[in-house]
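The following briefing is meant to be read alongside the coordinates.

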Amino acid sequence: MNKQDIERIKQLLSAPKKIVIVPHKNPDGDAIGSTLGLYHYLLKGNHQATVITPNDYPKFLKWMPSESSILKYDSKTQECKDLINEADIIFTLDFNAFHRTGHMENVLAESKGLKIMIDHHQAPDDYATFMYSDVSMSSTCQMIYHFIEMLEDLNELDSNIATCLYAGIMTDTGSFRFASTTSTTHKVVADLIEKGAKNSDIHNNVYDTNSYNRLQLLGCALNNLKVIPESKAAYITLSQDELNKYNYSKGDTEGVVNYGLSLDGVALAAIFIEDKQEGIIKISLRSKGNFSVNEMSRTHFNGGGHTNAAGGKSYLSLKDTIEKFISILPSYNKALNDE
Ligand code: 5GP
Ligand code: MN
């Protein structure tokens, strides 16, 4: 963001505004952490702010400060539409195109409020008046920290803001282990701890609140793990019947794809999860090194994301989706074996 943009945003935020903050559909830790972190910051400027998520999110995120104030568009549609239509400013966080908000796409596209995008996904759409897009960033939460820093307002950072931002940086960096974690990320995190983020409690709230069923489902997923050595690839499947057997609830499969990538010699990992209600196979792809799962997902699986982490979907059956995945792998063999 250039100085001029920052000055204009400072000016805009110098008087109380009606503000809506929106993350992508199926929000993850970074989406909830960044929207709530910004929410707490804006409240300190006496703005009327509301976080609206397209839909619900996992239980392991339902402890963040003011999480209960979040409105879900799919259950409070009219109230949310009114807020969006009346908003002076709409912050769109952790996504790069309106269609990533699912059913909110049209209402956002038609809304009059000024848009500010803060996001770290590749190939952002050009809808925002102010765009802070940086694919090198570990997380949108880290960008919210830098945004507040650019507004010269870091002295406003309190334990609520710090807690939310810490949670999102932690989840989007795989607990500070992915390549996107830089020395700056660690400096930001150090400051968040100084400002009151209780790091050990946050780890516990997110990672150590599993249900027995979730661990059994993980066992089932690991049993289904297949390896394709010549492509340095591994994949996991979960059918709707398997999800039902272990009483699947939202978020239970979060992170499971990473087990494939933890295998020695594997550079590409995928998980294919059947969703009969939506009529799709939800796909998550992860990679090591320079191999771009963003490209793979954009080309073959109706999705996108980052170089090492991308999502997508397939309208084929689970079996046909796997066949498609296996059939495209040889064209990537060279790139994968170079990793
Ligand atoms: P996940 O596999 O956890 O759903 O997604 C991995 C990463 O890719 C996340 O940063 C997520 O926001 C992004 N992502 C998931 N699905 C899509 C998609 O359809 N399009 C784009 N551009 N990014 C996606
Ligand atoms: Mn993110």
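The model is predicted, so local features need pLDDT of at least 70 and side-chain atom pairs count only at pLDDT 80 or more, whereas totals for chains, interfaces and linings use all residues. Residues are numbered from 1 along each chain as its sequence is written, while chains are lettered from A and ligands numbered from 1 in the order in which they are written.

- The 13 residues around ligand 1 include Ser284, Gly303, Gly304, Gly305 and Gly311, which come nearest; two or more residues are given by strand E11 (304-305) and by strand E12 (309-314), and E12 gives the most, with four.
- Helices (H or I, at least four residues) and strands (E, at least two) are DSSP runs, numbered from the N terminus.
- By residue class, the shell around ligand 1 holds two nonpolar, 10 polar and one charged residue, with Ala, Val, Leu, Ile, Met, Phe, Trp, Tyr, Cys and Pro counted as nonpolar, Asp, Glu, Lys and Arg as charged, and the others, Gly among them, as polar.

**Strand E9 and its partners**

- Strand E9 (residues 268-275) is largely enclosed by the rest of the structure, because seven of its eight residues are buried; a residue is buried if 20 or more other C-beta atoms lie within 10 Å of its own, exposed if 12 or fewer, and partly exposed in between, with C-beta atoms placed from the backbone.
- E9 pairs with strand E8 (residues 233-238) in the parallel sense over six bridges, and alanine 233 stands opposite leucine 268 in E9; two strands pair if DSSP finds at least two bridges between them.
- With strand E10 (residues 280-287), E9 pairs in the antiparallel sense over eight bridges, and glutamate 274 stands opposite isoleucine 281 in E10.
- Four residues lie between the strands in the hairpin of E9 and E10, where glycine 279 takes a positive phi near 70°.

- Most residues other than glycine have a negative phi.
- Glutamate 152, in the loop between helix H5 (140-150) and helix H6 (159-172), has a positive phi of about 55°, and it is exposed, with 10 other C-beta atoms within 10 Å.
- Lysine 232, in the loop between strand E7 (226-228) and E8, has a positive phi near 50°, and it counts as buried, with 24 C-beta neighbours inside 10 Å.

How values were computed:
A residue is near a molecule or strand if its C-beta atom, placed from the backbone, lies within 6 Å of it.
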